[in-house]
Amino acid sequence: MSTQIRLIIPAMTCAGCARKVRAALEPLAGVSEIVVDAAAKTVDLHIDGQDSAAVIAALEQAGYPPDAMPIGTDSEAAPESCSMDDPLPSDQFPVDGVRLAITGATCASCVRSIETALSSVPGVERASMNLADHSAYVQGAAKPEQLIAAIEAIGYGASATADDDSLEQERERSEQQLYRRLLRDTWLALGLGAPLMAWMLFGGSMMVHGGGISQLVWLLVGLLTLAVLVIAGGHFFVGAWKAAVHHNANMDTLIAIGTGTAWLYSMVAVLAPSLLPEQARHVYFEASVMIVGFINMGLALELRARGRSGQAIKRLLGLRATTARRVDDDGSEEDVDIALVVTGMRLRVRPGEKIAVDGVVESGSTLVDESMLTGEPMPVSKQAGDMVSAGTINQQGSLIYRATRVGKDTALAQIIALVKKAQGSRPPIGRLADQVSAVFVPVVMLVAIGAALAWFNVGPEPRASYAMVALTTVLIIACPCALGLATPMSVMVGVGKAAESGILIRQGAALQTASQLTTIVLDKTGTITQGKPSVTDVFSYADWSRDKVLALAAALENASEHPLAFAVLEAAKEQSLPALDVSDFIAENGKGVQASYQGGVARIGNLRWLADLGIDASAATADAAGIAEQAGTPLFLAMDKTLIGVIGVRDQIKTDARAAVARMHARGLKVVMITGDVRSTAEAIGKQAGIDEVIAEVLPADKALHVRALRDKGERVAMVGDGINDAPALAEADVGFAIGTGTDVAIESAGITLMGGSLHGVVDAIAVSSATVRNIRQNLVGAFLYNVLGIPVAAGLLYPVTGMMFSPVIAGLAMSLSSVTVVSNANRLRFFQARPAKEMV
Amino acid sequence: MSTVLVNAAGLAAMMMIVWWFWLWTPRKAVNTKAGIIEIRVANGTYSPALIDSPAGQPVTLRVLREDASPCAEYLIVDGLGINEALPIDRRHDIELPAMEPGEYRFHCQMNMYQGVLRVG
């Protein structure tokens, strides 16, 4: 049996270590193909006929213990499962998989033992463990409790895990620790720096007078300062060193060089004052520790402010239920951990409780508050057969529903994942800041040295002191963080803010484009109108009765999924008309349907289609015009070449459509409606909604062409549609809005998904986007101005005019507050309201 | 004399900065033959920060973020539309699709962490 394993060895930091690691492994019997990579701190090797324990022992003996590894793939035993080299992609894992967090597993043999134990549980079809994140996935019918028991029986620990929760908690815990450490470092540094500053401000001398008690006292202060720099500022120096070794420079580099230079200069003044002119024997210990104190304070404040920026995600995570009430086949009920819920499980939700997972209602009826997902304030009625979504709240009755999507597959989990991803995306507006921040630190270092040399060569006495102050101040005042944070912080808050209103912005680019639109193209059906048309008129001709016309129409439309077809079927059902026997259906996309009926050909469709077929519909001209005037759609029925009826179907416009269109106008947007309906119907709807331009009688496939035509005219076009039928047009637009998707968030063709059905969502999304882009601009302008003005001032450009130089301590304070300002400005977006509260209902 | 020394030292430092941070060409890159590469995020650097990968082959970046500071939270890969939030002290897989030859920068939100994926 041959096993390939990879070990991570944290202590292997150089080529010498790599040689020692190789030397420790080569003598071992059965070990071959050793590939040592010091840069990646990894060793890949094959083991024949022995346990990896011998390898680990040999490495530990050599002083290079592996890090909770090895990760391996047994080439004979179970190649299709286990291990990090062939992880089971989580997105391909079946929806009924159970995920468990495993403790105590450290090596490939543990993985095999755990997989074997899981596979032996009755009902398990497939089990796979990933040592990388200490989790196991199990597919099959076994209950999670049985799986946990099986793992515990072989000496390991297991628990059902809800991933995002634990990760979020872990992140919060780590950030809290970091926050406390930063605060401690702040007080420690300011604790020493403040008395020194006070001494200086109240007239105490900061000069070293050689040979006296002054030199000894300053030496003591210097050593104290060093201790504080190491404890409170050590992380800057470590970061700077590590970055430098990797030919990289970051904020730590600037702080470490700035404070280090101030300290070194001061120590030279203390230990070897004769090297400096008498007036230049100044110490700057207070500056080095005050800077470290202020920067740590700024980082702590930034961390706290960032916590607020991520509240949208926290709120979404908070929507998730932690338990669900399982209903067993015998009718008994039990509360179970949410992570143990699998698809197919029957669950009960009582009044006031959250719905735990996505599912379909089996029994009961209630009203469900879905506003947290869709932004729609009105509760939605639910009864048997309806879908319910995780995170929504059952308001009244008790429901029993069957879980259809659990864990990361629920709409809520997908929304969280989508928002998280979008929060990290970058609109093009931030590109310049990205390019600048990528080279910022080395450029600032060059400027700092240049400024110091200028002071040293042409500055007044004491030249050395001025040069040192200029160097330190330039390094410290420069703030790459403000530049780097300007765009992402606003995007994070803006995208989160939108999500709270049921608006999912997929990428940063969509956010930016949405703020620059000139034209909104609205699909008619389901976008401007309710999307649930009903039959308003039935006219019959050529000796056919109205009932028979409607019955034949229903028979023809029976297989259709068009909304108009549902209206016809509904009307026939309401009147209890008999089902007619038709066959050989042919659907003509965008035209109509035909089928065989009693030896002839029956057709239902639009006027143009019938005209193309040479059917005379002049008898229905007046009736059809009457329907169209009322914004209804006339459906023409023909038997062979004879017109036999016209059915009027009308789809009411949404109650708030006109108000939403008015808001679009108020933003200076042109509003266009696009529809396959006849012109008269389309214009009637357009008039009701206040549309500027109506494009009617468009085949579904041609909608994208019309969007393209508008773009070719120079318009920045948004297309608003249902995301499925309108997908090509949505993709063609500058920004596609999928509207009324409910909890279906996986609409790839749309840059922005509106889970609610109101057109106000479109305007809200544009408003949030505009506010976010405005916020980004403010941040970018502020960050650029800060650096563009701050660096020259720090270099002493104002000295010839004012005779004053910036203190490095003030530079430290300014620097620490600059990034806090950016984060705080981004946080202002949290209070942005797309429309006044009174309009929300 | 001291003026000359200080100026010489300053100019040397400037040249060193230009060479060290811009002109220096990395000699050694970590290769992703196995299709998976582990990246450690700590102390302001990605380790490794330079990765070679064959064109037309998907790559998995297995990222271990040890730095709790928010700077390190996101890893962004330019040109691939990748922006992933990294959990702390856990390995996190980022799947990159098969790529065209070229250089793909990866970095944190603030561009303080930087690395390059060379595909060819």
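Arg711(A) is partly exposed, with 27% relative accessible area. The views below all come from a predicted model.

**View 1. Arg711(A) pairs with Asp734(A) in a salt bridge.** The N to O distance is 3.1 Å. Arg711(A) sits in helix α23 of chain A, and Asp734(A) sits in the loop between α24 and β29 (735-739), so the pair ties together parts 23 residues apart in sequence. A network of salt bridges links Arg708(A), Arg711(A), Asp712(A), Glu732(A) and Asp734(A).

**View 2. Lys703(A) and Asp726(A) form a salt bridge.** Their closest N and O atoms are 3.1 Å apart. Lys703(A) belongs to helix α23 (residues 703-712) of chain A. Asp726(A) lies in the loop between β28 (717-721) and α24 (727-732) of chain A. The two residues are 23 residues apart, and the pair links distant parts of the chain. Both Lys703(A) and Asp726(A) are buried.

**View 3. Glu362(A) and Arg346(A) join two strands of chain A through a salt bridge.** The closest N and O atoms are 2.9 Å apart. Glu362(A) is in strand β12 (residues 358-363), and Arg346(A) is in strand β11 (residues 346-349). The partners are 16 residues apart. Glu362(A) is partly exposed, at 32% relative accessible area. Arg346(A) is also partly exposed, at 22%. Over all chains, the structure holds 29 salt bridges.

**View 4. Chain B meets chain A across a contact of 49 residues from chain B and 62 residues from chain A.** The two chains bury about 4,900 Å² between them. Carbon and sulfur atoms account for 60% of that area. Six residue pairs are in polar contact between the chains, both residues at pLDDT 80 or more. The count of salt bridges between chain B and chain A is zero.

**View 5. The side of chain B that touches chain A draws on a helix and several strands.** At least two residues each come from α1 (2-23), β2 (36-42), β3 (45-47), β6 (74-77), β7 (82-85), β8 (91-96) and β9 (102-107) of chain B. Helix α1(B) gives the most, with 13 residues. By residue class, this side of chain B has 24 nonpolar, 15 polar and 10 charged residues.

**View 6. Cys479(A) and Cys108(B) are buried cysteines.** Cys479(A) has 0% relative accessibility. Cys108(B) likewise has a relative accessible area of 0%. The whole structure contains zero disulfides over all chains.

Technical notes
Residues numbered from 1 in each chain as written. Chains lettered and ligands numbered in written order. Predicted model: local features only at pLDDT ≥ 70, side-chain atom pairs only at ≥ 80, totals over all residues. Heavy atoms only, no water. Disulfide = S-S within 2.5 Å. Buried < 20%, exposed > 50% of the residue type's maximum accessible area, 1.4 Å probe, protein only. Contact = heavy atoms within 4.5 Å. Buried area = accessible area lost by both parts, 1.4 Å probe. Salt bridge = Lys/Arg side-chain N within 4 Å of Asp/Glu carboxyl O. Polar contact = N/O pair within 3.5 Å; in protein donor to acceptor, adjacent residues only side chain to side chain. Helix = DSSP H or I, 4+ residues; strand = E, 2+ residues; numbered from the N terminus. Nonpolar A, V, L, I, M, F, W, Y, C, P; charged D, E, K, R; others polar.
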